[in-house]
Amino acid sequence: METLVERSYSKIRKLTGRAQKELRDALDGVLAKIAGKTARPDEAEIFYPLCLAILGRQPKQASQALDCIEKLISYGYLRGAGPVDAATMAKLPLKEKDEDAAKVTLMDAIVTCICSCNDHHDEEVQLQVLKAVLQAVTSRTCEVHEHSLLKSVRACYHIHLVSKNTMNQTVAKATLQQMVNVVFQRMEHMEETLHANDVAAVPPPPEAVASVEVREDSNHSLPDDAADGVDAAEKAESDHAMYPGTLKAAM
């Protein structure tokens with residue numbers, strides 16, 4: 001992970017201008033921690049400079065940051081299960097109807113940041129947005145639900161409508177279809193799992209238990225004729241053991 005982050009951050013660092021002091025400081029802080037090897041930066045620390053680069057609306061910086069996020073998610077380095085720090089929360093373009101800060105996860109912040117570029121005029125940024133949201137929604141290492149899932153769907157739909165690039169329109173349509181298919185597959189799998197658990201948890205009715213017990217008792221008991229035959233065979237074997245000569249003469 002450190003190699004990927006260091007390479008991407010170095011590229012973004014070269015693209016920063018003098019006015020982007022906050023972005024430079026955030027990049028330098030993470031790069032210094034990686035170079036020092038004293039402590040591994042957590043997910044929130046890694047995402048914060050990428051968030052600043054995306055929200056800066058500079059095409060090359062945003063494209064590089066989106067590409068880095070997509071790769072971090074695909075390799076399982078960025079799961080987004082933890083909380084969002086105050087610095088990142090202050091930068092997010094959240095609306096009043098969105099969830100409050102206590103309920104927003106890091107993955108919600110990542111998706112919100114990615115989808116904020118769905119109206120970007122740069123075609124490369126549009127393509128990177130599609131790749132990033134597809135990776136986030138279909139990944140098995142992170143979870144995208146509720147508002148974040150709706151934002152991802154809306155981003156694909158918006159790029160398909162406003163993009164002037166035919167390839168981006170096609171990619172947006174294919175991305176949306178793949179996302180919807182994956183969501184429905186997971187829903188069906190969850191429904192089957194819940195149904196199987198419910199069936200296993202329901203005890204059998206008393207009538208079925210009683211019928212099984214009666215059937216087992218009947219299997220262990222023998223008919224009268226069979227019982228008489230067994231008794232006669234056992235008696236003959238006993239007589240043969242006690243009077244072998246008498247039985248032989250009689251035969």
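How do the residues of the lining of the second largest pocket divide into nonpolar, polar and charged? There are six nonpolar, four polar and four charged. The nonpolar class here is Ala, Val, Leu, Ile, Met, Phe, Trp, Tyr, Cys and Pro, the charged class is Asp, Glu, Lys and Arg, and the others, Gly among them, are polar.

Before going on, the ground rules. This is a predicted model, in which local features need pLDDT of at least 70 and side-chain atom pairs count only at pLDDT 80 or more, while totals for chains, interfaces and linings use all residues. Residues are numbered from 1 along each chain as its sequence is written, and side-chain values use heavy atoms, with hydrogens and water left out.

Back to the pocket. The space in this second largest pocket is about 330 Å³. Its lining has 14 residues, and those closest to the centre are Val 137, Val 144, His 145, Val 182 and Arg 186. H9 has the largest share, with four residues.

On terms: a pocket is an open set of points on a 1 Å grid over the protein atoms alone, where a 1.4 Å probe fits, with protein on both sides within 12 Å along at least five of seven lines; lining residues have an atom within 4 Å of a point. Its volume is the space filled by probe spheres set on the points, which are joined across faces, edges and corners.

Now the chain as a whole. Its secondary structure is twelve helices and zero strands, where helices are DSSP runs of H or I with at least four residues, strands are E runs of at least two, and numbering starts at the N terminus. Of the 251 residues, 35% count as buried. Buried is under 20% relative accessible area, exposed is over 50%, and partly exposed is in between, with a 1.4 Å probe and protein chains only.

One buried example is Ile 46, at 3% relative accessibility, in helix H3. Ile 46 is 37 residues from Tyr 9 in sequence, and their C-alpha atoms are 9.6 Å apart.

Next, salt bridges, meaning a side-chain nitrogen of Lys or Arg within 4 Å of a carboxyl oxygen of Asp or Glu.

Arg 40 and Glu 2 meet at 3.2 Å, N to O. Arg 40 lies in the loop between H2 (21-36) and H3 (43-55) and Glu 2 in H1 (residues 2-15), so this pair ties together parts 38 residues apart in sequence. Arg 40 is exposed at 54%, whereas Glu 2 is partly exposed at 29%.

Lys 21 pairs with Asp 25, with the closest N and O atoms 2.8 Å apart. Both lie in H2, four residues apart, about one turn of the helix.

Asp 119 and Arg 57 meet at 3.5 Å, N to O. Asp 119 is in the loop between H6 (106-115) and H7, and Arg 57 in the loop between H3 and H4 (59-74), 62 residues apart. Both ends are partly exposed: Asp 119 at 45% and Arg 57 at 36%.

Last, the surface. Tyr 157, Leu 161 and Val 162 form a nonpolar patch with about 300 Å² of accessible area together. Patch residues have over 30% relative accessible area and no salt bridge; nonpolar side chains (Val, Leu, Ile, Met, Phe, Trp, Tyr) are joined within 5 Å and like charges within 9 Å. The areas come from the Shrake-Rupley method with a 1.4 Å probe, and for residues only the protein chains shown count as cover. Val 162 is in H8 and is partly exposed, at 39%.
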